[in-house]
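Please keep the sequence and the model open while going through the points.

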Amino acid sequence: MNKSVITNIIAVTVTLLGYFTNQAIIFTVGIFALSGAITNWLAIHMLFEKVPFLYGSGVIPARFDEFKLAIKQLMMEQFFTEDNIDRFLSNSSGKASPLNLTPVIEKVDLTSAFNNLVEVIEQSSFGPMLAMVGGSEAIQPMKAPFIEKMKASIQEISQSEQFNTLLREELEQPNMIASMRDKVSDIIDKRLNELTPQLVKEIIQAMIKKHLGWLVVWGGVFGGAIGLIAALTKNF
């Protein structure tokens with residue numbers, strides 16, 4: 001049982017106890033606690049559900065499009081600004097941040113590079129000599145070592161400071177950063193378009209349900225305290 005249900009049960013119990021024992025103070029404390037708890041519970045419920053005849057209820061589903069727009073504005077204006085992108089491309093000293101391209105390079109198929117090399121040799125002055133020793137088939141055993149050496153060389157180049165500086169300078173071009181922000185914006189739009197009002201409601205409920213439950217608890221506590229004060233001071 002969650003905190004909201006427990007609070008309401010306690011408030012109802014105190015109210016009934018005061019009523020059947022004819023204790024006005026206990027009854028007043030219970031009825032005020034119950035009113036505070038129920039009011040806060042209804043307010044929380046109205047955030048997510050449309051209640052008939054209660055204007056303003058179901059605000060989250062009703063304002064779904066505005067909710068999505070607010071998320072996009074938050075992401076673009078707070079995280080993906082030009083300054084933030086520039087800081088992302090730099091380290092704390094302002095130098096170009098080294099990019100680890102090794103995983104990408106390892107996945108690249110360099111077979112076409114080897115085939116182009118063979119074609120260049122065949123079309124060069126070494127072509128007739130190559131034909132005499134079996135043609136392109138004669139150098140096929142060199143394919144694996146060539147690809148391995150090429151990947152090692154590309155990795156070495158990609159890790160050099162000069163390469164990273166040139167890459168950063170290119171990425172920091174105004175049109176490049178604008179293009180990056182446009183692509184990020186498109187990605188956010190596509191992801192947000194996958195959301196439904198029901199999914200948004202479930203996400204928000206999951207995030208704040210625990211904390212909103214305390215509103216019901218404190219509504220009951222403060223309501224009971226006000227009821228106690230009202231009962232004690234009614235004769236003054």
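This is a predicted model: local features need pLDDT of at least 70, side-chain atom pairs count only at pLDDT 80 or more; totals for chains, interfaces and linings use all residues.

1. As background, nonpolar side chains in soluble globular proteins tend to be buried together.

2. Turning to the aromatic rings, the count comes to 4 aromatic pairs. In one of these, the ring centres of Tyr-19 and Phe-27 are 6.2 Å apart and the planes stand at 45°, so the pair is tilted, given that an angle under 30 degrees would count as stacked and one over 60 as edge-to-face. Tyr-19 counts as exposed because its relative accessibility is 55%, whereas Phe-27, at 30%, counts as partly exposed. Tyr-19 and Phe-27 also belong, together with Phe-20, to one aromatic cluster.

3. A further aromatic pair is formed by Trp-218 and Phe-222, which is likewise described as tilted, with 5.8 Å from centre to centre and 35° between the planes. Why are Trp-218 and Phe-222 separated by about one helical turn? The two residues are 4 residues apart in helix 12, and therefore about one turn lies between them. In an α-helix there are 3.6 residues a turn, so residues three or four places apart point the same way. Trp-218 counts as partly exposed because its relative accessibility is 45%, while Phe-222, with a relative accessible area of 51%, is exposed.

4. Helix 9 (residues 143-158) deserves a separate look: it has 16 residues and reaches 22 Å from its first C-alpha to its last, close to the 22 Å expected at 1.5 Å a residue. Which residues of helix 9 are buried? They are Ile-147, Lys-151, Gln-155 and Ser-158, and because they cover an arc of only 70° around the axis, they lie on the same side of helix 9. On the face turned away from this buried side, helix 9 carries the exposed residues Lys-149 and Glu-156.

Methods
Residues are numbered from 1 along each chain as its sequence is written. Side-chain values use heavy atoms; hydrogens and water are left out. Rings of Phe, Tyr and Trp (its six-membered ring) pair if their centres lie within 6.5 Å; planes under 30 degrees apart count as stacked, over 60 as edge-to-face and the rest as tilted. Buried means under 20% relative accessible area, exposed over 50%, partly exposed in between (1.4 Å probe, protein chains only). The expected span of a helix is 1.5 Å times one less than its number of residues. The arc is that of the directions from the helix axis to the C-beta atoms.
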